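Student: I would like to learn how to read a structure like this one, feature by feature. Could we begin with the loops and the elements around them?

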Amino acid sequence: MAQVTSLAARAHGSGRKFVRASADAKLALVEFLLGCEDIVECARRGAEWLAEHTDVEQVLCAAVNPDLTRLVGLVGYGVPAARVKKFSVRLDARDHPFLSLLADGDPKVFPGNGADPEERPATPLGNGPFLAVPLRGRVGKQQIPAGLLLVSPVTADVARETRWLAQVLSHRLVRPRYYGRLARDRSWLTTIINAVPDAILLTDADGRMILANNRAEALLAGREDDSEGRQRAVALNNMLFSSALGERTFRPEVTPERRELLLVDPAEGSDLPFELLTTVVDDSREGTGIVSVLRNVADLRRATEELEENYRRLRAAEVEVRAERDRLDLIIDSVVDPIVVTDPTGNIVMMNVPAERLFTAGPDATAEEAARVRANDANFTSFISNLFFGMADMRYRGGISMVDARTGARVPVEAVSGKIMSEHGEVSAIVTILHDQTEALEKERLYEALKLASQELEEKVRQATAELVRQNELLRRQAIELEQASAAKSLFLANMSHEFRTPLNAILGYTSILLKGVAGPLSSMQRDNLARVDSNGRHLLAIINDILDISRIEAGRMPLHASEFKLADLIREVMVEVEPLIARARLDLTTEIVADLPVLRTDRAKLKQIVLNLLTNALKFTPEGSVKVSASHRPTTAQVAIEVADSGIGIAEADQAKIFEDFQQADNSSTRTYGGAGLGLSICRRLATMLEGQITLESRLGRGSTFTVLIPARVKRR
């Protein structure tokens, strides 16, 4: 309402004085609305009342149509009827401002023409600002949106009276639509459940029927003109159904329950098996009820019985087929090898196709082919006779030399013969399988060659293993030498750093004394030269300190001093220290520190060194533009984030990992534009690791860089 009042105060003046609505006028309007059944007439009377008692010039009353699909113009005052009729907004246009008003229920003032179209939707009203008040009424505990009141111009009195009118008018617009929709939904529900072939009904906790479809009424509801038999069948069904529901009432689980129920067909008097599915439902107003579904399973039972009979017949047929298949498997399952079946006298009575190549000669066969067939037959008969000499043995295995009747090629085979005994214990047939040994013999030869090659390979592997052991020993010794060299390097850097700092501190001290004029006044040139000596000496001292810090970190001698402090104070202290650099750089330097930062417990000096290094780098590598330092809290990870963002030269993606290494820069050429030893970011990364944090980088070449320091609010190490 503050927005309505502020805009109303700036609204243009009216040409007439309105008559403030009295209590009698409001009472008269309410009495009219209570007695009026036509919602269009109610809306028209409300618009006229508003025009009579306020300074309003244009009024549009829009309502939700009965189909609940659009917001359409209903009546208007000071607006042409054609434009009122043309006004329409789809209710599925979720981004439309009017639909947001219907959902929120708060009035809103929209600006005049010339504003953003998304801020001022199209209306039949004029070009000036207008007030939109939603029409929402309560039915039970539910708020039902019914329409909008749009008025112009906007004043404080117009806003007040419009909101009052919306309250009394909402009830007249909501109830017809609510009950119309309720009747439509009930009609659809009745149509749907009547279309279901199963019986569906809702009963209360005492078993009284509340709602039922046609199928349920046919089973459980009777009429006075029904025959005596049908009335008895319905009464019996009600008794059986009530008994089933009574058991369900004593087990009021929410989960559905299934059981079988036998009822009587009221039309024919036959038994009907049903599957009863019941579910207990609770309603805050009506109490506990039971939803029941009765599904006729008579056809399902018949189908199950037929299926079981068909399955029994199928099993019997399967047994017969399996017996026949077992007899045929002797030949079909071994179709690759020649199979020969002979009688007890040695005559061949059956063979498969591969066996025919060995033991048969066609009508066009040559004399040589016929001779080969006879030779194969003689060799095979000699092999079978051995089986009869050892009558106790049911199987016999041996080798036979065969010849391909067509090509004359030698075919070494292994023959396996078995006796088939009759029910009287006599030999009725002999089945022989001839397995070609050509491939097996070739495999044996290849196996011997492979065995020899494997022995040679084992010898080569043994020699290579011995060489690998020697190389590993050499690498181990080199690793020890490298560790010793690294330790010597760290010791050398630490010693040399101290050796460098001793004379350098003397140089800086005497330079400071001379600059302060202790030895006498200095000329301008002498002061400039001494200032250069002091600046370069301090730069060299910073490089030596960086080298010493790296040596101490690598040796594990860098102590960690945790203390509690405020991050905002630390950042302000860093900004003061780099103020001379900021003045020389002439960059736009800003800070953004959130108000809810926790008090940190970590090493203040090391965190300050990280932030100072990142900030000086940003100033150094930003020729023009801006630098921003921001700090925020990340409660989910209990971390504090410090970001240093610049619009400088940026870093190529290929160089972003390299710049965190010792003595590395993105440009390591001898002609690089920016100086430095390449130790700053390496030290920052090592210090952040000591503080149990990390540093991340986002950068694009020519578009600046953003370094983010993530550290825990309270360090765990002591």
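Tutor: Helices (H or I, at least four residues) and strands (E, at least two) are DSSP runs, numbered from the N terminus. With those labels, E692 is found in the loop between α17 (680–690) and β22 (694–699). This is a predicted model, in which local features need pLDDT of at least 70 and side-chain atom pairs count only at pLDDT 80 or more, while totals for chains, interfaces and linings use all residues. Residues are numbered from 1 along each chain as its sequence is written, and side-chain values use heavy atoms, with hydrogens and water left out.

Student: Which value of phi does E692 have?

Tutor: Most residues other than glycine have a negative phi, and most peptide bonds are trans. E692, however, has a positive phi, near 65°. A638, which is not a glycine either, has a positive phi of about 55°, and its place is the loop between β20 (626–634) and β21 (639–646). As for the peptide bonds, the one from S152 to P153 is cis, with omega near 0°, and P153 lies in the loop between β6 (142–152) and α6.

Student: How is the accessibility of A638 to be described?

Tutor: Buried means under 20% relative accessible area, exposed over 50%, and partly exposed in between (1.4 Å probe, protein chains only). A638 is partly exposed, because its relative accessible area is 43%, and E692, at 28%, is partly exposed as well.

Student: How many disulfides does a search of the whole structure find?

Tutor: A disulfide is a covalent bond between the sulfur atoms of two cysteines. Here it is counted as a pair of cysteine sulfur atoms within 2.5 Å, and a search of the whole structure finds zero. The sulfur of C61 is too far for a bond, because the closest cysteine sulfur, in C42, is 10.0 Å away. C61 counts as buried, at 1% relative accessibility, and C684 also counts as buried, at 1%.

Student: What does pLDDT say about the protein chain?

Tutor: pLDDT is the predictor's confidence in each residue, from 0 to 100. The protein chain averages 79, and 83% of the residues score at least 70. Where pLDDT is low, the predicted coordinates should not be read in detail. It stays under 50 over residues 1–19, for which the model has 27 contacts (heavy atoms within 4.5 Å) beyond four places in sequence. Residues 668–678 also stay under 50, with 21 such contacts beyond four places in sequence.
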